[in-house]
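Please study the sequence and the structure before working through each solution.

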Amino acid sequence: MLNNINLEISKGEVVAVVGPSGAGKTTLIDLIPRFYVPTEGQISIDNQDISSFNIQKLRSLIGIVSQDIILFDDSIKENIKMGNPEASMEQLIEASQMSYCHDFIKEFPEGYDTIVGERGVRLSGGQKQRIAIARALIKNPPILILDEATSSLDTVSEFYVQKALESLMKERTTIIVAHRLSTIKNANRIIVLEKGRLIDSGTHDQLLERNDVYISLYSSFAVPP
């Protein structure tokens, strides 16, 4: 449960949300696309209460890349085009190149027509993540939510996914939830949650100097300086 959260995010800002397990990180970001409705207070985009948005319109403004990727038993092309069914093949290839998946797609005999299988069983975890990033790129949303997007990946896959995320985050308002604090050190601002409350906000260096919760989280992952 979240309590008395007062948070303003500027256009184009990259904000990371961290905190111990159960602090309310996922609950916070799930309020933005209205997966949950707050019992009090309001959430606004450009000074307009999101409760007044048509739900499809609201979610068209938001791209989400999470640990649990949903792929359908269809071609790679159609899975990417879910982000924008009207996209041309040229746009699809451009999004795939920016998300570092064009090269591995071309290695399949059927290329973009490759059927990925139920839940993307024919693809590795890193490949599925990059397909999801290509889908978000082709959607071109102004707001981006990354929820544990690099969790459970090996080092090589994480490297390519991080590069793809850098392409995706350019000129977008981005909210990142991550347990691997190394992935969010360069955020413009880091929000620290504990027991449903926002207890601090600052840069990585500022929080390391003053916030015991952040210091504990950072130390527990033995992240190199």
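## Exercise 1: A pair of helices

The axes of helix α4 (residues 89-98) and helix α6 (residues 125-139) come within 8 Å and cross at roughly 130 degrees. The model is a predicted one. Describe how α4 and α6 are oriented to each other, and state which residues make the contact.

**Solution.** 

Step 1. Two packed helices are described by the angle between their axes and the distance between the axes.

Step 2. An angle over 145 degrees would count as roughly antiparallel, and 65 to 115 degrees as roughly perpendicular. The crossing angle here is roughly 130 degrees, and α4 and α6 are therefore oblique to each other.

Step 3. The handedness of the crossing of α4 and α6 is right-handed.

Step 4. On the side of α4, the contact is made by Gln91, Leu92, Ala95, Ser96 and Met98, and on the side of α6 by Ala134, Leu137 and Ile138. Of the residues in this contact, 6 are nonpolar and 2 are polar, while none is charged.

## Exercise 2: Strand β7 and its surroundings

Describe the partners of strand β7 (residues 189-194) and how covered this strand is.

**Solution.** 

Step 1. Strand β1 (residues 14-18) runs parallel to β7 and is joined to it by 4 bridges. Within this pairing, Val17 has Ile191 of β7 as its bridge partner.

Step 2. Strand β8 (residues 197-202) pairs with β7 in the antiparallel sense, over 5 bridges. Here the bridge partner of Glu194 is Arg197 in β8.

Step 3. The hairpin of β7 and β8 has 2 residues between the strands, and in this hairpin Lys195 takes a positive phi near 50 degrees.

Step 4. Strand β7 is mostly covered, with 5 of its 6 residues buried.

Definitions and conventions. Residues numbered from 1 in each chain as written. Predicted model: local features only at pLDDT ≥ 70, side-chain atom pairs only at ≥ 80, totals over all residues. Heavy atoms only, no water. Axes fitted to C-alpha atoms, helices over the stretch in contact; angles between N-to-C directions. Parallel < 35°, antiparallel > 145°, perpendicular 65-115°, else oblique. Left-handed = near helix turned anticlockwise from the far one by under 90°. Contact = heavy atoms within 4.5 Å. Nonpolar A, V, L, I, M, F, W, Y, C, P; charged D, E, K, R; others polar. Buried < 20%, exposed > 50% of the residue type's maximum accessible area, 1.4 Å probe, protein only. Pairing = 2+ DSSP bridges.
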